Amino acid sequence: MNYPNLFSSFSIRNLQLKNRLMMAPMESHLGNADGSVSPELIAYYRERALGGVGMVVVEFTCVDGRDGFSSLAPQLRLDTPFFRTGHGKLAAAIQSAGARACVQLSHAGRQSRESVIGRQPVAPSAVPLKSPYLNATPRALEAHEMERLIQRYAAAAAMAVQAGYDAVMLHGAHGYLLQQFLSPLVNQRNDEWGGDFERRLRFPLEVIRAVRDAIGDRPLLYRLSVSDFIEGGLTVEDSERIAPRLCEAGVDAIDISCGSLDRVDVIVEPMSVPEGWRLPMARRIRKATGKPVICAGVIRRPDAAEAAIAQGDTDIISLGRALLADPLWPKKAQAGKADDIRPCTSCNWCIKETGGNRGVGCAENPRCGHETDPLIDRFGQGHRAAVVGAGPGGITAALLLDQAGFQVTLYEKRAALGGNLVSSATPPGKEKLFWYRDFLLRRLAASGVTVRTGTAVTADQLRNDQPAVIVLANGSRQAPLPLEGSKGLSTGPAFEVLLGEGHLPQSSADRPIVIYGGGETGTETAEHLAKLGQHVLLVSRSGAQFLARNAEPLYRMHLLKRLHANTAIRILDHTRLTAVEDDHVMLKTGDAEPRPQPASAVLLAHGLVPDTALADALADVPVPVIRIGDARTVARIGEAVRDAYRGVQDLRLSFLQAEAIRC
């Protein structure tokens, strides 16, 4: 058997799971506006249950619609019988697909949004929350309100059982109400509900006992942030004392997590965080409790998951973002096809989507959140398609068109495939993106796509070939930048350095490589060159606080810390590049006169614009010409992949749709 530990059965309390894989609870924004279960939500969870996990944990479900919501977008509810029917359908859909169904119950406390609940959030104490994601000043709960809240948890748990869920999970992590009572930073009461370790434990223990009574002999899981990663907050040592007490009160398994809104970067880690980083904490809690533990934390590959089980770090592997990228992760692993798993790179495009109050999505899996879309059938059989540009969007389009039955030719002007995937993966800490590049290349090699590298295809060639559809994924070009001077100094686009093109002379602190542009490309190129032993002067027209402003926020947080700590990188903000001479550049800061700066080379990262030349030349062709990715609008990998998917789905409709009306 492939991965014998991972695919061995396991029991929590009296519930047997077919394997050691669980789908982690994740915010999806796919529910109805009133918090009820939607067909889209059912399709989303069913697809992941069909993928082979032993248990699916449904995302945070509010136990108290009065003051427990934490999301601007629709959040699931189970606080009145009205919502029970939808949850019953959801649980049944998960179970019929072969997985056990569990629901996570939550109350956000001070992380509730006043704009959503229409009143001041509540918390153990009136301690303000100041986070990049939410600022709130809660009111302290009165002692008489505790029993009502405890009963809200119990009532929701009872309805979960009535709906047919196999198990219930309490959300005691990520800064939600249960964690707030445990935290010495948030619970500053001095009464029976706070003041010392024992009294801070009281509310979670009372909730556990009430929920245990409500669910009978069903398993009760508890998601615990075992460390706040904040000075003065909860530590792993604290959790080694807390977790056994939770289990004594009625918890059957601890789901290991970390952080709160104060440290979101340890909840949904950026891609620089190593695989399996939480496992040592899971091992400690497992030893302290003697109960099963469940662990997520950038566990992306079956080999890593198998080793974690075999070594006794955890009992169950919780797959979160990995199942957004590939719902079939378990089945592919069990079949010995690990290389076919679409890898999650922790790019957090999913977080960007839900953070923007949109339905969940995945940069690599454009079907994520759109599981009700029709499957791509072979509607293009007998037709030819041309795709120009072999970055992530172009390769995706070629593979989808091949799946649809087209005879596809993929043109790439460079010698190597990957485009923006290569330039995005090259900077320090982003190596996981090479996993995705390699996955796409394996898929391409196994497909029927004809690949022509080193080919800058022209409009005339495409006209002569007469494909039935043309997809333009030919990317962007450098935005115009008027510069004075002789321009004798070596000057070129920064992204070409990340692609491994060209040669740069050795720099020094006195004669650095000047990078003009403080966006993501400029900052990443600076860090990349510093790692190679170069000295860099990073020049930004904006203030330093706006460096890499469009980067994924959690990744940006770590990137900026590294940049400011790197002695090989000097940052000059509020400054424009006005001229390039033979051995120096001219820089103008604010209203001061331009001044010379010795340089060894100049790299331009001041911005990109879509390359529309080929699209303009093809304006008169009588077939669909679909622009995707940077050729349409300069954005991110996820937008390019989504453009490719939507383009093919729309093409499917245009090929198959009959005349709508005949009058």
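S112 is placed in the loop between β5 (100–106) and α3 (114–117). The structure discussed here is a predicted model, and S112 counts as buried in it because its relative accessibility is 0%.

**Surroundings of S112**

- The side chain of S112 reaches the backbone oxygen of D67 at 2.9 Å, and the side chain of S112 also reaches the backbone oxygen of F69, at 3.0 Å.
- When its neighbours within four places in sequence are left aside, S112 is in contact with D67, G68, F69 and S70, and also with I117, P121 and L134.

- Strand β24 (residues 575–580) is largely enclosed by the rest of the structure, because five of its six residues are buried.

**The parallel sheet**

- An open sheet with parallel pairing is formed by five strands, which follow one another in the order β17-β16-β15-β18-β29.
- The edges of this sheet are taken by β17 (450–453) and β29 (625–627), and because each has a single partner strand, one side of each is left without a neighbour in the sheet.
- Neighbouring strands of this sheet are turned against each other by 15° on average, with direction ignored.
- In general, the strands of a sheet pair through backbone hydrogen bonds, in either a parallel or an antiparallel manner.

**Cysteines**

- The structure holds zero disulfides, a count that rests on a cut-off of 2.5 Å between cysteine sulfur atoms.
- For C295, the closest cysteine sulfur is that of C258, and at 8.2 Å from the sulfur of C295 it is too far for a bond; C295 itself counts as buried, because its relative accessibility is 0%.
- C347 is likewise in no disulfide, with the nearest cysteine sulfur, that of C350, 6.5 Å away.
- With a relative accessibility of 26%, C347 counts as partly exposed, whereas C295 counts as buried.

Terms used
Residues are numbered from 1 along each chain as its sequence is written. This is a predicted model: local features need pLDDT of at least 70, side-chain atom pairs count only at pLDDT 80 or more; totals for chains, interfaces and linings use all residues. Side-chain values use heavy atoms; hydrogens and water are left out. Buried means under 20% relative accessible area, exposed over 50%, partly exposed in between (1.4 Å probe, protein chains only). Helices (H or I, at least four residues) and strands (E, at least two) are DSSP runs, numbered from the N terminus. Two strands pair if DSSP finds at least two bridges between them. Axes are lines fitted to C-alpha atoms, for helices over the stretch in contact, and angles run from 0 to 180 degrees between N-to-C directions. A polar contact is a pair of N or O atoms within 3.5 Å; within protein, one must be able to donate a hydrogen and the other to accept it, and residues adjacent in sequence count only if both atoms are side-chain atoms. Contact means heavy atoms within 4.5 Å.
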